[in-house]
Amino acid sequence: MTPFFLDDCIWVLRTNTAYNAETVAHVYKALWTVEEIFRTTKSILETRPIYHKRDVTIRGHVFCSFLALLLKQELESRMKHADLQWEWKQIIRGLDALQQVEANFQGRRFLFRSHLTAHASQAVRATGVAIPPTLQELH
């Protein structure tokens, strides 16, 4: 696909595929979306530079980055479907702060969950995952 920009509002794609124009336009738009996501990944996912020495670790890093993007896109899609809108950084801050601690008290085992912010709570609910109770006894 080769894009040609005729002016500020019109663009033309030239391709040698047998697909119809609508399919080609959707694929091109998806390609643009993927490129935009990769451009903003470092700031959104707060990744740091990683220097690899082996091909297998490069492939693993790319796979994990792509998986993170897919999970982010799926969460955003589910939140949109549930008519929830939160700033991504607020969601990440809330999920990062989420902790669970196991404690023994008088021979009994308990799990304590930290407070869940409204942003993180809505994101978790949008996935359909039940939020565990703040205090839970283990057997």
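**Close-up views of a predicted model**

**View 1. Three strands form an open sheet.** The strand order in this open sheet is β3-β4-β5, and the pairing is antiparallel. Strands β3 (100-105) and β5 (135-138) are the edge strands, each pairing on one side only. From one strand to the next, the twist averages 30 degrees. The model shown here and in the other views is predicted. Strands of a sheet pair through backbone hydrogen bonds, either parallel or antiparallel.

**View 2. Strand β4 meets β5.** β4 covers residues 108-113. Four bridges join β4 to β5, in the antiparallel sense. Which residue of β5 stands opposite Phe112? The residue is Leu135.

**View 3. Phe110 and Phe112 form an aromatic pair.** The structure holds one such pair. The ring centres of Phe110 and Phe112 are 6.5 Å apart. Their planes meet at 35 degrees, so the pair is tilted. Tilted pairs fall between stacked ones, with planes under 30 degrees apart, and edge-to-face ones, with planes over 60 degrees apart. Are the two residues buried or exposed? Phe110 has a relative accessible area of 13%, so Phe110 is buried. Phe112 is at 39% relative accessibility and therefore counts as partly exposed. The cut-off for buried is under 20%.

**View 4. A lysine charge sits over a tryptophan ring.** Lys72 places its charged end over the ring of Trp88. The distance to the ring centre is 4.9 Å. Trp88 also belongs to the largest nonpolar core, the subject of the next view.

**View 5. Six residues make up the largest nonpolar core.** The members are Leu75, Met79, Trp88, Ile91, Ala123 and Ala126. Which helices supply at least two residues each? They are α2 (55-81), α3 (88-97) and α4 (118-127). In soluble globular proteins, nonpolar side chains tend to be buried together.

View 6. At 58% relative accessibility, Asp96 counts as exposed, because the cut-off is over 50%. How far apart are Asp96 and Ala120 in space? Their C-alpha atoms are 9.1 Å apart. In sequence, the two residues are 24 residues apart.

Conventions:
Residues are numbered from 1 along each chain as its sequence is written. This is a predicted model: local features need pLDDT of at least 70, side-chain atom pairs count only at pLDDT 80 or more; totals for chains, interfaces and linings use all residues. Side-chain values use heavy atoms; hydrogens and water are left out. Two strands pair if DSSP finds at least two bridges between them. Axes are lines fitted to C-alpha atoms, for helices over the stretch in contact, and angles run from 0 to 180 degrees between N-to-C directions. Rings of Phe, Tyr and Trp (its six-membered ring) pair if their centres lie within 6.5 Å; planes under 30 degrees apart count as stacked, over 60 as edge-to-face and the rest as tilted. Buried means under 20% relative accessible area, exposed over 50%, partly exposed in between (1.4 Å probe, protein chains only). A charge sits over a ring if NZ of Lys or CZ of Arg is within 6 Å of the ring centre and within 35 degrees of the ring normal. A nonpolar core is a set of buried Ala, Val, Leu, Ile, Met, Phe, Trp, Tyr and Cys residues joined through side-chain atoms within 4.5 Å.
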